[in-house]
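Q: Can you walk me through this chain? I'd like the overall picture, then some residues.

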Amino acid sequence: METRTSKKSQSTGNLLSKEILTIHGNNRNYTLNRPKALETKTLKCKQEHLHYEMKAGKNFVIEFSTGAYELIKEKILQLIKSPEFNLSFVVVEQHGVELSNLNIDSCYKIFNRKANNQPGNLLKFTMNLYHTTNKMTVNGGRVDIFINDIFDKICAEIQNHYTELNICNKTIHSQLSIIKDSLSNIIQKDLNRNQMEALETTEDTSGLQLAEREDGEICPNCEQNVQTEGIACDSCNNWFHYKCVGLTEDHINSFHQLEYHCDQCNDDLLYVGATSFHKLMISIKSYQLIPPVLNLL
């Protein structure tokens with residue numbers, strides 16, 4: 001038996017993966033309300049860095065300030081990828097993706113590790129991270145493992161960066177306020193413009209420009225002429241077929257008196273915020289300030 005155990009260890013030891021197993025994304029049948037998400041992120045900048053509550057059914061709920069959430073996301077990945085954690089557990093992750101391909105939440109299921117290094121049948125606990133609300137929930141039969149192996153380290157991480165997080169949240173609040181105001185100006189700007197004469201349209205186009213032009217325009221998505229059933233982006237002035245940007249009649253009607261901005265132009269604006277976000281979080285680790293002791297528990 002000792003020989004067989006030894007050989008088995010030698011033959012499978014190198015298969016011990018420290019990587020998280022990823023399963024197919026959980027697609028959401030809706031598009032993220034970006035202005036609302038930015039509003040939530042902005043408000044959460046003024047929230048306490050960590051607040052937790054154990055609810056019925058071993059449902060452990062944690063809420064973070066915006067800066068703390070970005071910091072803790074990285075810390076959690078570091079912990080569940082550590083060799084010590086992976087000796088006993090296998091992590092299976094799944095990410096929720098909405099219609100415009102934005103990652104809005106992440107789910108990590110923690111299973112026991114079998115002798116062949118595959119996930120066992122025992123689901124220890126599940127961690128759900130909601131990226132638009134800075135909230136995290138943990139549930140399952142062994143929430144105590146999370147509390148002992150992960151939560152205590154999360155609290156310590158926030159304590160160690162408490163002063164930096166205060167500074168970071170103020171800066172993030174300022175940046176997000178600028179982005180939110182810019183988006184509001186884009187979305188709420190009145191489009192009471194004179195509509196172009198349509199060759200084949202008799203219905204009201206709700207303030208949107210029509211794609212019925214004599215020479216036509218090239219749709220960037222399909223590289224075909226846009227003669228009818230098209231819409232112009234008010235930022236880049238490119239024309240798109242309705243079907244190429246996923247617009248339906250209901251969508252068109254909902255744009256009443258509003259400007260239309262293509263996904264790329266919307267993403268460019270959000271990318272500015274995301275880039276600032278990333279730089280801010282990197283800068284946290286470069287601060288040499290000594291944070292005050294905070295009793296989080």
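What follows is a short chat about the model shown above.

Q: What kind of model is this, and how are residues numbered?
A: It is a predicted model: local features need pLDDT of at least 70, side-chain atom pairs count only at pLDDT 80 or more, and totals for chains, interfaces and linings use all residues. Numbering runs from 1 along each chain as its sequence is written, and side-chain values use heavy atoms, with hydrogens and water left out.

Q: How many helices and strands does the chain have?
A: The chain has 8 helices and 12 strands. These are DSSP runs, numbered from the N terminus: helices are H or I with at least four residues, strands are E with at least two.

Q: How much of the chain is buried?
A: Of its 297 residues, 39% count as buried. Buried means under 20% relative accessible area, exposed means over 50%, and partly exposed is in between (1.4 Å probe, protein chains only).

Q: And what is the accessible surface?
A: About 17200 Å², with 49% belonging to carbon and sulfur atoms. Areas come from the Shrake-Rupley method with a 1.4 Å probe; for residues, only the protein chains shown count as cover.

Q: What share of contacts join residues at least 24 apart?
A: 59%, among contacts between residues at least 6 apart in sequence. Contact means heavy atoms within 4.5 Å.

Q: Now the core. Which residues have the most contacts inside the largest one?
A: Phe64, Met127 and Phe146, in a nonpolar core of 31 residues. Such a core is a set of buried Ala, Val, Leu, Ile, Met, Phe, Trp, Tyr and Cys residues joined through side-chain atoms within 4.5 Å.

Q: Which elements supply at least two residues of this core?
A: S4, H3, S5 (89-97), S6 (103-113), S7 (119-130), S8 (135-139) and H5 each do. The largest share, 8 residues, comes from H5.

Q: Where does H5 bend?
A: At Ile150, by about 40°. The bend is the angle between axes fitted to the seven residues ending there and the seven starting there.

Q: What is the reach of H5?
A: H5 (residues 143-160) has 18 residues and spans 24 Å from first C-alpha to last, close to the 26 Å expected at 1.5 Å a residue. The expected span is 1.5 Å times one less than the number of residues.

Q: Which residues of H5 are buried?
A: Val143, Ile145, Phe146, Ile150, Phe151, Ile154, Cys155, Glu157 and Ile158.

Q: Buried or exposed?
A: Ser65 is buried, at 0% relative accessible area.

Q: What does the Ser65 side chain make a polar contact with?
A: The side chain of His49, at 2.9 Å. A polar contact is a pair of N or O atoms within 3.5 Å; within protein, one must be able to donate a hydrogen and the other to accept it, and residues adjacent in sequence count only if both atoms are side-chain atoms. Beyond its neighbours within four places in sequence, Ser65 is also in contact with residues including Lys44, Asn134 and Asn169.

Q: What about phi of Asn134?
A: Positive, about 60°, although Asn134 is not a glycine. Asn134 sits in the loop between S7 and S8 and is buried at 0%.

Q: And phi of Asn117?
A: Near 70°, again a positive value in a residue other than glycine. Asn117 is in the loop between S6 and S7, buried at 14%.

Q: Last one: where is Glu217?
A: In S9 (residues 217-218). Glu217 is partly exposed, at 25% relative accessibility. Its C-alpha is separated by 6.2 Å from that of Trp239, 22 residues apart along the chain.
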